[in-house]
Amino acid sequence: MTSRRMVLTGALGLGLAACSRQDAEEPAPPASSSGAPASSPAPTSPQPSTGDTSAPSNSSTASRTTELRIGEPQDLVTGLTTPWGLRSLDDDSLLVSERDTGAIKIVRGGRASQIGAVEGFRAQGEGGVLGIDLSPDTKVLYVYLSTGSDNRVLRYDFDGKRISSPKVILDGIPAAGFHNGGQVTVGPDEYLYISTGDASQREQAQDTKSLAGKILRIAPDGSVPEDNPFTNPVWSYGHRNVQGLAFDDGKRLWSVEFGDKSADEVNLIVRAGNFGWPEAEGNTGQRDGFQAPKVTWEPTASSSPSGCAVAAGQLWVGALMGKCLFQVPLTGEQAGDPVSHFADRYGRIRAVAAHAKGLVFSTSNTDGRTEPREGDDRLVYLPLS
């Protein structure tokens, strides 16, 4: 199985890559237990899943990339605090979660209004209120959060104006200051797909009885689907820290994953797939039985991929250390070379969501890793045609 890679050279890139990966991803601010912001089987393909540019080398993906017209980005709202989860509600509005405040907000008409607040979370390091998604009928909001003892998924009733009646549908996901994963997305089969990190205990990623270092799959009520491969929530394993999940039009599930010291990854997720961590990272250490990445970024300082979304047939990836938005052309089960947009124009980019006739991405400059810019953090709309 082949993969593509993007190699960043130069003194700056090499110097950053030499740093500790844990320090490079996120800082570890003091814990806030009150929820207030902290101070300074053989794998088979499931159905479903059941700015600055560098041109792609593959001619077919290059054609698709150049045919796509990317419009001028427009600020939708400014003044947010650590936006992490992002979900389009309709063509005029989005929902966003704030990692460190616990607020769930609706963004419409240039304003962000709070529709509820998650209680019982703990904002520490990479933990807090993380990914969100809506049920197909938009009447239920799913939220991934960190507590003082674990990571868990809650469901809220949503009437279009407020969230209410929280219910825990999955708990006991190992938590730590680093590597909490955090994404939740509803698949075409209406099951929930949830990404977790290895909670800084890398051996957990290969243990199919552990919920750490996995992509999980559960029913909306938290029960385990009968066709899950290990009779528990685990769908795929051998992951280090997945923060982005997205389905394409062919019902294939793509993920983006933080590497350690050599490579970040784009993966095509398959049922019961072993993605190699900690024995394999990027294309290093791959062997029979492992699923090789479709794209790698080398070194990790060139990307640190977080949120992702599929729009206009492309995978769009927010880069934290790379401080850009990556466009990855998709052709069936193959991915082309990443194209970088808006390098350092917005700083750290985290969440990405398909929205209206394009996509929306969020900055992450109030997360403690960099100096916020005027108006940070913000949501930015990017038209595509």
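**Close-up views of a predicted model**

**View 1. Four strands form an open sheet in the order β2-β26-β25-β24, with antiparallel pairing.** The structure shown here and in the other views is a predicted model. β2 and β24 (349–355) are the edge strands, and each has a single partner strand, so one side of each lacks a neighbour in the sheet. From one strand to the next, the twist averages 30°.

**View 2. Strand β2 runs antiparallel to strand β26 (residues 379–383).** Three bridges join the two strands. In this pairing, V77 is placed opposite L379 of β26.

**View 3. T82 sits in the loop between β2 (74–77) and β3 (83–90).** T82 is buried because its relative accessibility is 2%, and buried means under 20%. A polar atom of the T82 side chain lies 3.1 Å from the backbone nitrogen of D100. Apart from neighbours within four places in sequence, T82 contacts S97, E98, R99 and D100, and also T366, D367 and D377.

**View 4. D227 and R217 are joined by a salt bridge.** Their closest N and O atoms are 2.8 Å apart. The pair links distant parts of the chain: R217 belongs to strand β13, whereas D227 is in the loop between β13 (214–218) and β14 (234–237), and 10 residues separate them. R217 is buried, with a relative accessible area of 2%. D227 counts as partly exposed, at 31% relative accessibility.

**View 5. A salt bridge connects the side chains of R152 and D150.** The N to O distance is 3.1 Å. D150 is buried because its relative accessibility is 7%, and the limit for buried is under 20%.

**View 6. R287 pairs with E279 in a salt bridge.** The closest N and O atoms of R287 and E279 are 3.3 Å apart. R287 is partly exposed at 45% relative accessibility. E279 is also partly exposed, with a value of 47%. Elsewhere, salt bridges that share partners join D75, D376 and R378 into one network. The structure holds 16 salt bridges. Side chains of opposite charge can pair when their charged atoms come close.

Note on methods:
Residues numbered from 1 in each chain as written. Predicted model: local features only at pLDDT ≥ 70, side-chain atom pairs only at ≥ 80, totals over all residues. Heavy atoms only, no water. Salt bridge = Lys/Arg side-chain N within 4 Å of Asp/Glu carboxyl O. Buried < 20%, exposed > 50% of the residue type's maximum accessible area, 1.4 Å probe, protein only. Polar contact = N/O pair within 3.5 Å; in protein donor to acceptor, adjacent residues only side chain to side chain. Contact = heavy atoms within 4.5 Å. Pairing = 2+ DSSP bridges. Axes fitted to C-alpha atoms, helices over the stretch in contact; angles between N-to-C directions.
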